[in-house]
Every structure is written in structure tokens, then in C-alpha cells.
Amino acid sequence: MDLSSIDDIYRDRVILDHCRNPRNVSPIESYDLSGDAVNPFCGDEVHFQIGLSGEHQIERVQFAGDGCAINMASGSLLSESVKGLTIDEASALSIRFVETMRQSIDQDVDQEFIGELSALISVRHFPVRIKCALLAWSALEDALSTKD
Amino acid sequence: MFDVEKIRLDFPILTKEIFGKPLVYLDNAATSQKPRQVIDALVEYYENFNANVHRGVHTLSMEATDRYEEAREKVSSFINSESSDLVIWTRNASESLNLVAYSWGEKNVHEGDEILLTPMEHHSNLVPWQELARRKNAVIKFIPMLENGTLDMDRVKELITERTVLVSAVHMSNALGTINPIKELAEEAHKLGAKILVDGAQSVPHMPTDVQELNCDFLAFSGHKMLGPTGIGALYVKEEILESMEPFLTGGEMVLEVSYEKASWADLPMKFEAGTPNIADSIALGSAVDYLNALGMGNVREHEKDMTAYALDRFRKADLEGLDLFGPDDPNIRGGVFSFNTPDVHPHDLGTFLDRIGIAVRTGHHCAMPLVRSLGVAATSRASFYLYNTKKEVDILVDGVTEALRYFRDGPK
């Protein structure tokens with residue numbers, strides 16, 4: 001069976017790896033922010049708890065989720081990428097990532113900014129699955145918005 | 001002779017390729033594909049007969065009216081209705097069901113009355129009753145379902161009471177494939193004076209339907225699942241009930257006489273058909289009925305039973321560790337619908353994988369959220385067959401699912 005076109009999405013094993021072994025799922029001692037997102041159409045869900053160092057720096061993240069491989073991988077990759085960022089930086093990353101995911105597939109992606117999130121960029125080959133990659137980011141925005 | 005390969009030649013879309021693979025269309029419970037004859041009927045209407053119906057004295061209008069009413073006759077005979085006056089055109093099964101909930105329900109359902117449903121209803125045969133019950137302070141009850149996806153008929157007698165005004169049941173479940181014993185339900189309902197409504201959206205396209213034999217009071221179905229175009233459906237109602245029902249929508253076409261103060265209603269069935277109807281799609285649905293009649297609905301059912309038995313066997317024997325296949329094991333009480341859960345692979349990942357090898361299946365809750373939740377999952381994958389599907393396509397599906405499970409377990413080769 002020729003599966004090359006399937007590898008477009010689950011390529012480099014990154015998505016499958018993060019789906020099977022999601023990072024940052026251990027409970028954290030304490031948290032300052034929390035956020036959730038649910039897609040009622042497929043039942044997928046994502047929850048984040050975020051612990052800050054000082055007023056603004058993200059130090060600890062706990063990711064919990066349920067759903068498809070892309071949703072789980074997105075939550076796991078996100079949890080890695082926001083650690084160490086300030087709230088403003090995380091917020092900017094989220095806005096830029098969501099924008100990139102919604103761009104057409106031909107548009108070049110700034111590799112420097114995207115870093116290890118690039119595995120998720122291939123999901124753009126599958127327009128109906130983009131929302132699976134974005135659910136975690138809604139949960140992040142929900143968490144960040146609770147910071148007054 | 002039911003020759004699937006010959007039938008397939010009538011369906012232009014079945015030669016399409018998806019990502020370079022032949023399309024294996026297994027989403028027939030969502031909508032069926034259309035044969036050339038139905039597509040041609042639409043074109044022929046717009047090229048040769050397009051005019052509004054039931055008005056002009058000009059030739060074109062009369063020709064359009066004749067074809068439009070002829071289509072109603074065809075649909076009426078297809079379900080063995082006593083008269084084509086009892087067949088009302090709607091947009092789809094959902095509109096048919098809403099028509100009953102408003103036109104019949106508003107008048108006949110009162111506070112404390114009971115409506116009996118099954119747990120396997122599509123949202124279209126659940127939400128209109130929830131809303132009606134809310135407006136009327138009526139009560140909705142459910143016939144329990146057994147482990148194998150069939151109704152617990154032993155409980156029906158006690159659940160239908162003096163307070164029951166309506167039993168509304170899906171004939172064939174779109175999520176499980178279960179074919180429910182409608183005749184038996186109708187008998188029990190009528191014993192205590194309740195009406196019975198049948199949601200035939202999945203059954204009318206796939207098996208012979210006889211409203212007199214079923215003795216149902218209402219039958220709702222859609223055209224697009226039975227080779228017809230989208231946007232056309234029908235509702236059958238027993239004459240004495242239909243006569244007593246108030247109009248659903250009002251306006252043009254459905255009136256007899258109108259003054260500035262009031263109006264009187266046209267005769268059946270037009271009383272329930274306000275506005276310019278969906279003429280083209282009704283006529284094309286008539287062509288779909290011709291097509292199905294030429295094959296014979298008994299043969300269609302036999303083909304699907306054969307496919308169902310084959311698919312059940314293939315699913316059982318394949319190396320599909322952990323795969324849960326829902327619904328009855330017996331092809332005699334099951335249509336060609338296969339919902340399954342693969343614990344290690346989410347339905348959406350499976351659906352994407354299968355799409356990439358040309359297989360179209362549905363993933364999600366199939367517009368039966370409470371049912372799918374009761375199976376203990378958030379979503380399932382569903383393959384559903386029709387008269388043009390082949391055993392080879394069952395093989396492609398089962399092999400595809402097997403390969404997907406391996407891919408998500410072991411990763412890309």
C-alpha cells in the first residue's frame with residue numbers, strides 16, 4: 001500500500017510520537033492559570049494548568065487532553081513551546097501560530113519562529129483537520145485570558 | 001439479475017479517483033450517489049419543461065405540473081400509499097418530522113401526555129419532540145436498548161400507556177444498522193390509541209416499504225439517500241389524520257380562497273405545500289424511484305443483506321485487535337451500516353487515513369450524540385453500503401482499517 005500521502009500529515013513520527021507519549025502530563029505542584037477547550041462535534045478536549053515564576057513567566061505546564069492524534073500532539077508540542085516564555089510572548093506565539101495554520105499551504109513559513117511546531121504545519125494539507133490542531137491553542141488562550 | 005458491475009456504470013462519480021486511488025464510497029447513510037438517469041432528469045426538466053406548477057394555463061406550466069404530479073404518484077406507489085394525496089413534499093426527512101411535530105403535535109399533544117421514542121433516534125427524530133414536549137409539558141420516554149443494539153421489545157407493552165399519544169421510531173438506525181420491528185410497535189401503539197410515526201430515512205432507500213402493511217400513521221423520508229437529489233423529501237400521513245391537521249407553512253399554493261381578512265385551505269396534499277415547490281428535484285426523485293423499481297427493492301435488500309453478512313464475517317476474521325463493531329450480528333435485522341470503534345486510533349485519524357487511500361467513511365457522532373455516548377465513546381467510524389457497493393470494496397475497507405491500525409501502532413514504515 002502506498003502511504004506517502006498519509007505521511008504528509010503524520011510525518012517524521014513527530015505527531016505520532018507526541019500523541020503516544022504526550023509531554024508535560026504529570027501533575028504540577030501548583031498553578032496560577034488554567035484553561036480548557038472542547039470541540040463538541042468530535043468530543044475532543046484539552047486542559048492546561050500553568051504555573052508562573054514571578055508575575056509573568058511560564059515555568060510549569062500541565063497538559064491533559066483526549067482525542068485524535070493531531071489534537072494530542074498539538075497539546076503536547078504547545079506545552080513544550082510555551083515553557084519559559086512570558087505571558088505576552090506565549091500570547092504572541094499563539095496568535096502567530098493560528099495565523100500560520102490558516103494561511104494557504106503555498107505560503108512560506110518562518111522556520112525560526114515555528115521551531116518544533118513545524119510538524120503541525122503539515123496538517124494544513126488536510127483542511128478539515130486544522131481545527132484539531134488549533135483546539136489546544138484555544139485552551140491556551142483561555143488560560144492566558146484568566147490573567148488579569 | 002442484480003448485476004452490480006453493470007449498475008456501477010450508471011453512476012458517473014464512481015469512476016472518480018481520490019489521491020490517485022479509485023473512490024470507495026462508503027458514506028451512503030449520509031447521502032447516496034446519483035445515477036445518470038437522475039442527473040439527466042434534472043437537466044431535461046430545466047431544458048424542456050421549466051415552468052411554475054398548478055397555475056398557468058399555458059402549455060409549459062401544464063407539462064411541468066403533469067411531470068411534478070407524476071413524480072408524486074411514483075413516490076406514493078413506491079411506499080404503497082393509499083393515495084398520492086397523502087404524500088406531501090418536503091425538503092427532507094427532518095422537515096417531514098418537524099411538520100408532524102407542529103401540525104399534528106401542537107393540536108394533539110397536551111400536558112402530561114407521553115411520547116415514546118427509541119434510544120437510537122437521529123437528532124431529527126429527537127429534537128423536534130424535545131421541543132414539543134417542552135412547549136406542552138409533555139413527557140418523553142425511551143424504549144430500552146439491549147446490548148446487541150436491538151430494542152427491548154419485552155418492555156414496550158408496559159411503556160405504552162393510556163397517556164401515550166405517539167410512538168416515534170427509526171425504521172433502520174443510521175448509526176447501528178438495526179432494523180426495528182415497526183409492525184409490532186404499530187400494533188402495540190394502536191391498541192392504546194397512540195399514533196405511530198416511522199423515520200424511514202435509512203429504510204425506504206434500502207428495503208421494500210409498504211405503509212399499509214406496516215400500518216404506520218406517519219412515514220418521513222429523504223430523497224437524497226435514495227439516489228435522488230438533495231432538497232427533496234416526503235411525508236406520508238394516513239388520510240383521517242392528515243385531514244384533521246392544520247397547515248404547517250402558509251402562503252401561496254396552499255390556499256383555496258383568500259380575502260384581506262382570512263383564508264381557507266386548499267385540498268390535500270397542497271394544503272401542506274406553501275410556496276413554489278421544489279419542482280425539478282421532485283421530478284428527479286421520481287426518476288430515482290423508477291431506477292430503484294427497475295432493480296426491484298427486494299433485490300436491493302437481498303444484495304445488501306449479502307454484503308452485510310460478508311462484511312460481518314470479514315470484520316470478525318480480520319486482524320483487528322480491540323475493534324468494537326456495534327449493532328446486531330444478524331443480517332436479517334441489520335442494514336449495511338457498520339459503526340466501529342478502534343480504541344488505539346481516534347476515528348478522525350482513521351477517517352483521514354482511509355481518505356488517503358480513496359475510502360470515504362463517516363466519522364463522528366452521526367447525528368445521534370446520545371446513542372454514541374451510550375456506547376461509551378465520543379465518536380465512531382461508520383462505513384455504510386448501498387446497491388452499487390461490492391464485496392471487493394468490503395475487502396478494501398477491512399484491509400485499509402487493518403493497515404491504519406498497524407500504521408498508528410508502529411508508525412510510518
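The legends below describe views of chain B and of a helix pair in chain A.

This is a predicted model, in which local features need pLDDT of at least 70 and side-chain atom pairs count only at pLDDT 80 or more, while totals for chains, interfaces and linings use all residues. Residues are numbered from 1 along each chain as its sequence is written, and chains are lettered from A and ligands numbered from 1 in the order in which they are written.

**View 1. Overall dimensions of chain B.** Along the principal axes, the C-alpha atoms of chain B occupy a box of roughly 75 × 55 × 35 Å. The radius of gyration of chain B is 22 Å, which agrees with the value near 22 Å for a compact globule of 413 residues (taken over C-alpha atoms; the rule is 2.2 Å times the number of residues to the power 0.38).

**View 2. Helices and strands of chain B.** Chain B contains 14 helices and 17 strands (DSSP runs numbered from the N terminus: H or I of at least four residues, and E of at least two).

**View 3. Helices α4 and α7 of chain A.** Helix α4(A), residues 87-102, packs against helix α7(A), residues 130-145, at an angle of about 160°, and their axes lie 10 Å apart (axes are lines fitted to C-alpha atoms over the stretch in contact, and angles run from 0 to 180 degrees between N-to-C directions). The two helices are therefore roughly antiparallel (an angle over 145 degrees).

**View 4. Residues between α4(A) and α7(A).** Among the residues of α4(A) in this contact are A:Phe97 and A:Met101, and those of α7(A) include A:Trp137 and A:Glu141 (contact: C-beta atoms, placed from the backbone, within 7 Å).

Notes:
Parallel < 35°, antiparallel > 145°, perpendicular 65-115°, else oblique. Contact = placed C-beta atoms within 7 Å.
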